[in-house]
Amino acid sequence: MDGHTYKSEKLSINRKKFYFKIKFYPRNCSCLVAYALALFLLFSHYTAGYSANINEILEAESKYWTPNSLFCLSELPSASTISASIECPTGSECFPTSANSAGGRLECQDGDMTMFNSLLCFAGINQGCAAVSDAQNSVTGQWFRSPRLRKYPRLRGANSFSPDMALGVMLWATTRPDDEKTKRFRWWVDWIGRNQRCVTEGCTKRVARFCPDDDVDGNSEAVLGCTLKPGDFAILGSVVDFLKIEVTDPDLKRALSKAAPNAVGFVVTSAQLNKPGYSQHLVGVDILILRSLGIDDPALMEAARTLAADQPKNPFFAWLAGSPDTQVAQLISQTCPMSEVQVPTPDQRSDWAWQREDAEEAWKHSMLWDCRFIAALLKDI
């Protein structure tokens, strides 16, 4: 996030600094006094409640969320070893996860963790950054849904990756980018180019996809589950341009180049039309990616405001829309556990709350990493 400033007509946001742009033209002294008083009250309102709210969030993070955040062991589950734990055992490979209970045993629910770990990375939580990196096969370039599924791909029968998880890779690559990230991202784009599906005889036409196992016979959910759609081409093309990736496959290169200029329009339309729930959450991630590219289009702020207005209890959407930290903190305190009794039991720490619509109250099953993510966005990272 360092170095990026997100602007709106009334509000400019640079980390935790807020600047209200107010124009007034007093006609007499009494008006000037009134305006000065209004500005003083506005400033007092935001500064008075700020510290207490943020301190409350940070205390809950320290006392309840961090000690109870689950890690998945990158090993096959067995009768004698749980696959999720609050602390990573010495010498083991672990990564942030959600969990559920199966047969009385705590198990990793890691099928979407490349997406969520990328968000943790964006917020400055290093375990998330490492988990995204560890989910890639460093020889082929193929990416998986989690480090454990990279290590044991047969644990999942189909759709070893997805367009949603691909957004996670794009966010990871553009969050504080460096040579190593760019190199890994280039491997991945090359892998996509090599693994397109032939859809005509003689393979004269091919379809790009994020994973090779979306056409498993007899599995209706697998069909086209990896295939790039127009919006995927637009966002990926924008990231490829930003990182100056030379796409080796000519067909893929052409498709990405044509789609990239449509990225902002795609996000705006998606914010207006996507159904409540994870589809809107994906728009939020799109916005983060485009902002990470330095795209300062007012339409992106309007898209964020659309999400926030539709789901007013979602602190992630409120933060995206430029709401004051005090308001975001208040939403966090209303959704994340603020006392020990509110912390879900380990088998109930199963969801990333901000991907659900408000009506579902998914925060009652918070994996707690989602709370740590939004709290981290309020810090000076």
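I began with contacts in the protein chain between residues at least 6 apart in sequence: 60% of them join residues at least 24 apart. I noted that the model is predicted.

Next I looked up the whole chain. I found 14 helices and 10 strands. Of the 381 residues, 50% count as buried. The chain exposes about 17,900 Å². Carbon and sulfur atoms supply 52% of that area.

**Helix 9**

Which residues of helix 9 are buried? I took helix 9 as residues 263-273 and listed Ala-263, Val-264, Val-267, Ser-270 and Ala-271. These residues cover an arc of only 130° around the axis, so they sit on the same side of helix 9. I recalled a general rule here. An α-helix has 3.6 residues a turn, so residues three or four places apart point the same way.

Then I turned to the face away from the buried side of helix 9. I found the exposed residues Gln-272 and Leu-273 there.

What covers the buried residues of helix 9? My list includes helix 7 (230-243), helix 8 (250-259), helix 10 (278-292) and helix 11 (298-310).

**Helix 2 and helix 10**

I followed helix 10 to another partner, helix 2 (residues 113-122). The two pack at an angle of about 45°, with their axes 12 Å apart. That angle makes helix 2 oblique to helix 10. I noted the crossing of helix 2 past helix 10 as left-handed.

I also wrote down who makes the contact. Helix 2 brings Met-115, Phe-116, Leu-119 and Phe-122. Helix 10 brings His-281, Leu-282, Val-285, Leu-288 and Ser-292.

Notes: Residues are numbered from 1 along each chain as its sequence is written. This is a predicted model: local features need pLDDT of at least 70, side-chain atom pairs count only at pLDDT 80 or more; totals for chains, interfaces and linings use all residues. Side-chain values use heavy atoms; hydrogens and water are left out. Buried means under 20% relative accessible area, exposed over 50%, partly exposed in between (1.4 Å probe, protein chains only). Helices (H or I, at least four residues) and strands (E, at least two) are DSSP runs, numbered from the N terminus. The arc is that of the directions from the helix axis to the C-beta atoms. Contact means heavy atoms within 4.5 Å. Accessible areas come from the Shrake-Rupley method with a 1.4 Å probe; for residues, only the protein chains shown count as cover. Axes are lines fitted to C-alpha atoms, for helices over the stretch in contact, and angles run from 0 to 180 degrees between N-to-C directions. Angles under 35 degrees count as roughly parallel, over 145 as roughly antiparallel, 65 to 115 as roughly perpendicular and the rest as oblique. A crossing is left-handed if the near helix is turned anticlockwise from the far one by less than a right angle, and right-handed if clockwise.
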